[in-house]
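User: Please go through this structure with me. I would like to know what the terms used for it rest on.

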Amino acid sequence: MRFQDEFFGSEAQQSVSRRARDLWQICAKDGQLAYNGRIVTVVGDIGAETGDKLMCLARLQGSTTCHFLPIDKIETVKTAVEASGLSSNVWQFCTGRQSAYDAARQILETYQLPPDLTVARIDARTDAFLVAGFAKMAADCGVLVMAGRVMRGLDIEGITLAAVDKSGQPVASAWGYKCYPEQSAFSNYAFWGGLSCRKDRRGQKIALILGAIAIVQLWEELQVRGFCTGVTAGNTASFSVCEKLGVLSSNWVGLGVTDPTMFGGGTLTK
Ligand SMILES: CC(C)(COP(=O)(O)OP(=O)(O)OC[C@H]1O[C@@H](n2cnc3c(N)ncnc32)[C@H](O)[C@@H]1OP(=O)(O)O)[C@@H](O)C(=O)NCCC(=O)NCCS
């Protein structure tokens, strides 16, 4: 299957995604940064430079995030970026290691997907039409997918899963990307999650099972040993699914930094 570079979401989201892809071509060897198919992010607290790098990345791309920012650093970094006219938002950073793998194995031993569904792992051969349908389904749930080349496993190591019904329609998503630099303390973590489920199929444990499959495949095939995800305060459903999979609140947050002229005060994604 031939495909062109695929970008999804609103015009502003696509613009960020394109800029991130190009920026990554020139900073892939920087051990303080990571690319996950949406944006180039700062990884962890990098001292006094944390705020400055976030400001530069947000101005260049339209948005960025600091993953694994220690909770006690939030105020300092937030104050610095907001003083420069950028807006910020905080996600709880939920993480899990062996306990997440064990919980995921247990879930897969206990539950099965409804019989009309199959799991598709997106790769270079996946029909572009399915990838676009997958992106649309996730967007309808408020979740921004990664650039197509990342979902297809071409630009960074990762796994993108769709639950597909008998008519070929994607109904749920889960993924994980081993995106953190070798030089960082987080190199064996995957940025995991992307859990979404079409409204009419919720409550059937589809997202739970798909999230568990992603964890097991990341652990067994890509030697991932940690899972992390950002969850917005108040997203009870997401917290609950993560908790069942052993991915729990930590002493880190994700700090989003956004150019308000591109997102009108909103954020890049949920
Ligand atoms: C998060 C989401 C994928 C969950 O889908 P779902 O089909 O409802 O979830 P599942 O059936 O797989 O649920 C598994 C467990 O999650 C919990 N859960 C799901 N929705 C819940 C809610 N609204 N409140 C509390 N717990 C909830 C339940 O404990 C459930 O287990 P149970 O059936 O034993 O009670 C879905 O709500 C969604 O697409 N939300 C919008 C996208 C989103 O916010 N994604 C997270 C991005 S970070």
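Analyst: Two residues are in contact if their C-beta atoms, placed from the backbone, lie within 7 Å. This is a predicted model, in which local features need pLDDT of at least 70 and side-chain atom pairs count only at pLDDT 80 or more, while totals for chains, interfaces and linings use all residues. Residue numbers start from 1 along each chain as its sequence is written. Helices (H or I, at least four residues) and strands (E, at least two) are DSSP runs, numbered from the N terminus.

User: Which residues of H2 and H3 meet?

Analyst: On the H2 side they are Thr50, Gly51, Leu54 and Met55, and on the H3 side Val77, Ala80 and Val81. By class, this contact has five nonpolar, two polar and no charged residues. Ala, Val, Leu, Ile, Met, Phe, Trp, Tyr, Cys and Pro count as nonpolar, Asp, Glu, Lys and Arg as charged, and the others, Gly among them, as polar.

User: Why is H2 called oblique to H3?

Analyst: The axes of H2 (residues 49-61) and H3 (residues 74-83) come within 9 Å and cross at roughly 40 degrees. That angle makes H2 oblique to H3, because under 35 degrees counts as roughly parallel, over 145 as roughly antiparallel, 65 to 115 as roughly perpendicular and the rest as oblique. Axes are lines fitted to C-alpha atoms, for helices over the stretch in contact, and angles run from 0 to 180 degrees between N-to-C directions.

User: What is the hand of the crossing of H2 and H3, and what is that of H4 and H7?

Analyst: H2 and H3 cross right-handed, whereas the crossing of H4 and H7 is left-handed. A crossing is left-handed if the near helix is turned anticlockwise from the far one by less than a right angle, and right-handed if clockwise.

User: What makes H4 oblique to H7?

Analyst: H4 (residues 98-110) and H7 pack at an angle of about 125 degrees, their axes 8 Å apart. That angle makes H4 oblique to H7. Residues of H4 in the contact include Ala100, Tyr101 and Arg105, which meet a set in H7 that includes Leu208, Ile213 and Trp219. The contact divides into twelve nonpolar, no polar and one charged.

User: How do you know that S1 and S5 are edge strands?

Analyst: The open sheet has ten strands in the order S1-S2-S3-S10-S4-S9-S8-S7-S6-S5, with mixed pairing. S1 (33-35) and S5 (118-121) each pair on one side only. Two strands pair if DSSP finds at least two bridges between them. S7 (residues 170-177) and S8 (residues 189-197) run antiparallel and are joined by five bridges, so they qualify as a pair.

User: Which residues come nearest to the ligand?

Analyst: Of the 23 residues around the ligand, they are Arg202, Ala207, Leu208, Ala237 and Ser240. S8, H7 and H8 (236-244) are the elements that give two or more residues to this shell. H8 gives the largest share, six residues. The shell has ten nonpolar, nine polar and four charged residues. A residue is near a molecule or strand if its C-beta atom, placed from the backbone, lies within 6 Å of it.
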